[in-house]
Each structure stands twice: as C-alpha cells, then as structure tokens.
Amino acid sequence: MRRRRWDAPAGGPRPAGWSAMVPYGATVERFVQRLRNEGRSPRTIDAYRADLDDTMVDVATILGLLRRSQLATLDRVEREAVVLAAFDGLDLARVTADHLDEAIAEYRTRPDPRFVTHPERAPEERAPATVARRTAAIRSFFSWCYKTRRLPADPAALLRPPRKRARVPRAMDRETAERALAQAGQGAAWPERDALVIVLALVCGLRLEEIARLRVADLGGTVPDGVESITVRGKGDKERRLGLSEVVQEALTAYWPTRAKVLDRLGVDAQTLVVSTRRRPVRDRAGTVVGATVESSRDTVVYVVDRVLRRIGARRDGVRVHALRHTFATLGLREGAFSLRQLQVALGHASLATTQIYTDVADEELAAAMRLHPLGARRRGG
C-alpha cells in the first residue's frame, strides 16, 4: 500500500560536517535575483519560479511539512501563507534525489487543472516537453546551490528529462490561411484589431507572447505616415527586426485610428500595440488590486485567434495561435519565399536545428520532386 506523503520520513540525514540550515524560501529568492542579473526574460523567470515552487510543495509534503488535504480547504491567500511558512522551514540540505524523483512523478501523473471542466479530455500524463521544462528548472536551481556552496552536494545532478516525442508542426493549408486573413474581421466587435492580430501571426510569424508584448515604440516609423518594420522581442529578450509587407502595413493603418478611439473612450493610455476593449484589474502577489490596464495579454491574443478560427471552421485540437506561426514558416519554405537561414532569423530561432522541423514534406510532395529531377527522365533511343 502506498504510504501517504505526510507519513513519510522527515528527509535524508544531514550531511556530515554540514550544520547550517538552507531554507528554500530565502534561497530561491537569491536564485531568482541571479536570473534577473543574467538578463533572463520575465516570463522565463516566472516559469522557473512556478516550477520550483510547485515542486517544493510536493517535497514539503513528502517531508511532512505540508498536507495536500489541508491545502485543498484553504482559500488562495491562506494557502499562500501556509506554503510560504513551509518554505521557510524546508531545509534544502535534507532534500535527496529520491524526493525530487517522487515530486516529478507526482507532477507527471497529477490531473491537469486546464481540463477541470472536461476531465474526459485530459491526457493520462503531462507531455514530455512539459516535464522536461520542470526538470531543467530543478537541475538549474540545485546546480546553482551546489556551485555557490550553499549545499554540499547536488541532489538533482542525476535527473534526466524524458525523451521528447518527435512532432511535426500542425500547419494550415494555404487556402485556409488565406480564408483566415480575408475573414478575420467579419462579424467581430473590433474587426480592425482582430485582423491585425491574425496578420501578425500569419504574415509575420510572431509567437503568442511576441504579439502580446509588441509595443508602439517597436514600430519602425509612425502611423499612418508609414511603418516599414517592427522590432520583435523573442525568447530571452532577443530582438530581431522584421520588414513589413503591404498586407501588414494596411492592417496597421486600418487599426491605428480605432485604437486611439478606444483609448480616448476609456480615458487611458497603453504602451502595447494591441489593446483590450475593457479595463482589467492589476493585482500584486498578495492578490490586492493595485490598478487597471487595457494593455494586451496572452489571453487577449488567444481570445481573438480562437474566435477567428471558429468563425472559419478551422478550430480543432492542436490548431491555435502557434499553428498560425507554423503556417507562416511552412508556406514560406514550401513556396520558396525563404531560405532556411532566412526563416531561422525571421522566426527568432537560436538554433538552425529548430527551424529544420519545417523542412519535413509530405510523401506525395517528395514523390513529385523525385519525378522532376533532371536525371530522372527516361532516356529514349540509343
């Protein structure tokens, strides 16, 4: 019978000659500070912190510092207070490789909260890429603790991420992509904004986060006098400059005056290019409302893209915002608009190997290409 986590032993023995307690709460704050000093993007830091905190809740449960059943009965503020108190009492010097293995196994098989309303759609396990990201955060944190002599040994040194399943990007065909561009604004409350979001994803190949973070200051010119390029901040805050086609310029020119009217009506200003039609509250970590904003968020972009895809009948599993980026890349290579190296720069990929996933072609395309090879024609006579 599986032992309940709060009945588990209180952790490994303290290493010989090691007397100082290493509380997780204070240590992770130092680690996050180091990530900021290294120039990591805010989203990367937030992801690391979320993965580490959730893992340490499991470890604290294994060590008897927390009870999952207790946490489930608390509201958000009470839960955070209990967890933070446990983090202050969680001694990293007592954490072993077995504790981390068990925490990762718990996360891998735990029901995904995104499917709480439709549990029948939830996968049996988290995706290998998701588990690999969490494993990388754990390895990075404990390696830093060991290298900075906070710990006498690295309990995460032998952790290995799961093998990722080879996946061909799901892209729309050209006809569907052109229909999305043509019908993006039809039936929408704000057609100019919806059209611009679709254009930025399909014609510029921007990521979800990049569309949400794009600022007015990133435009290479003024609207409507002429914007010929945009500066995009990708993963790791790496910048790339993209020239704009006529389709993008037209969408931007049509959107700009409507953006000004919305901001005037709401009596606010915004730095992001894409904005929302209504204010949403801004909360601090304690949950207290500290202001309001209409600046774009990931949810704003997802909402627009999902609505357009449903309207044209193209919404299905695996086809969301990132599918539009895949479509941009796949059609760009297939139609000869980009070389592989040019596409790497346009997509903001650090490695050419990442871009090469778009070079996979269907069997029928390969067969047609083989028939057209100059040495493949039948020789007549002689």
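## Salt bridges and aromatic contacts in a predicted model

At 9% relative accessibility, arginine 240 counts as buried, because buried means under 20% relative accessible area. The model that places this residue is predicted. Arginine 240 pairs with glutamate 210 in a salt bridge, with 2.9 Å between the closest N and O atoms. The pair links distant parts of the chain. Arginine 240 belongs to strand E3 (residues 239-243), and glutamate 210 to helix H9, 30 residues apart. Glutamate 210 is also assigned to the buried class, at 3% relative accessibility.

The overall setting is as follows. The protein has 382 residues, and 39% of them count as buried. Its secondary structure comprises 15 helices and five strands. Contacts between residues at least 6 apart in sequence were examined for their span. Of these, 60% join residues at least 24 apart. The protein exposes about 22,300 Å². Carbon and sulfur atoms supply 51% of that area.

Salt bridges number 22. One of them joins arginine 43 to glutamate 209, with the closest N and O atoms 3.6 Å apart. Arginine 43 lies in helix H2 (residues 42-62) and glutamate 209 in helix H9 (residues 208-213), so this bridge ties together parts that are 166 residues apart in sequence. Arginine 43 is partly exposed, at 43% relative accessibility.

Helix H2 also contributes aspartate 58. The side chain of aspartate 58 meets that of arginine 68 in a salt bridge of 2.4 Å, N to O. Arginine 68 lies in helix H3 (residues 68-71), so the pair ties together parts that are 10 residues apart in sequence. The two partners fall into separate accessibility classes. Aspartate 58 is buried, at 2% relative accessibility. Arginine 68 is partly exposed, with a relative accessible area of 26%.

Both residues are part of a network of salt bridges. The network links Asp51, Asp54, Asp58, Arg68, Glu106, Arg110, Arg133 and Arg134. Arginine 134, a network member, also lies over the face of tyrosine 107. The distance from the ring centre is 3.6 Å.

Aromatic pairs number nine. Phenylalanine 141 and phenylalanine 142 form an edge-to-face pair. Their ring centres are 5.1 Å apart, with 75° between the planes. Both phenylalanine 141 and phenylalanine 142 are buried. A second pair consists of phenylalanine 328 and phenylalanine 338. Here the centres are 5.5 Å apart and the planes stand at 65°, so the pair is edge-to-face. Phenylalanine 328 lies in helix H12 (residues 321-334). Phenylalanine 338 lies in the loop between H12 and helix H13 (340-347). The pair therefore ties together parts that are 10 residues apart in sequence. Phenylalanine 328 is buried, at 10% relative accessibility, whereas phenylalanine 338 is partly exposed, at 25%.

Phe141 and Phe142 also belong to one aromatic cluster.

Cysteines were examined next. The count of disulfides is zero. Cysteine 145 is buried, at 0% relative accessibility. Cysteine 204 is likewise buried, at 5%.

Terms used:
Residues are numbered from 1 along each chain as its sequence is written. This is a predicted model: local features need pLDDT of at least 70, side-chain atom pairs count only at pLDDT 80 or more; totals for chains, interfaces and linings use all residues. Side-chain values use heavy atoms; hydrogens and water are left out. A disulfide is a pair of cysteine sulfur atoms within 2.5 Å. Buried means under 20% relative accessible area, exposed over 50%, partly exposed in between (1.4 Å probe, protein chains only). A salt bridge is a side-chain nitrogen of Lys or Arg within 4 Å of a carboxyl oxygen of Asp or Glu. Helices (H or I, at least four residues) and strands (E, at least two) are DSSP runs, numbered from the N terminus. Contact means heavy atoms within 4.5 Å. Accessible areas come from the Shrake-Rupley method with a 1.4 Å probe; for residues, only the protein chains shown count as cover. Rings of Phe, Tyr and Trp (its six-membered ring) pair if their centres lie within 6.5 Å; planes under 30 degrees apart count as stacked, over 60 as edge-to-face and the rest as tilted. A charge sits over a ring if NZ of Lys or CZ of Arg is within 6 Å of the ring centre and within 35 degrees of the ring normal.
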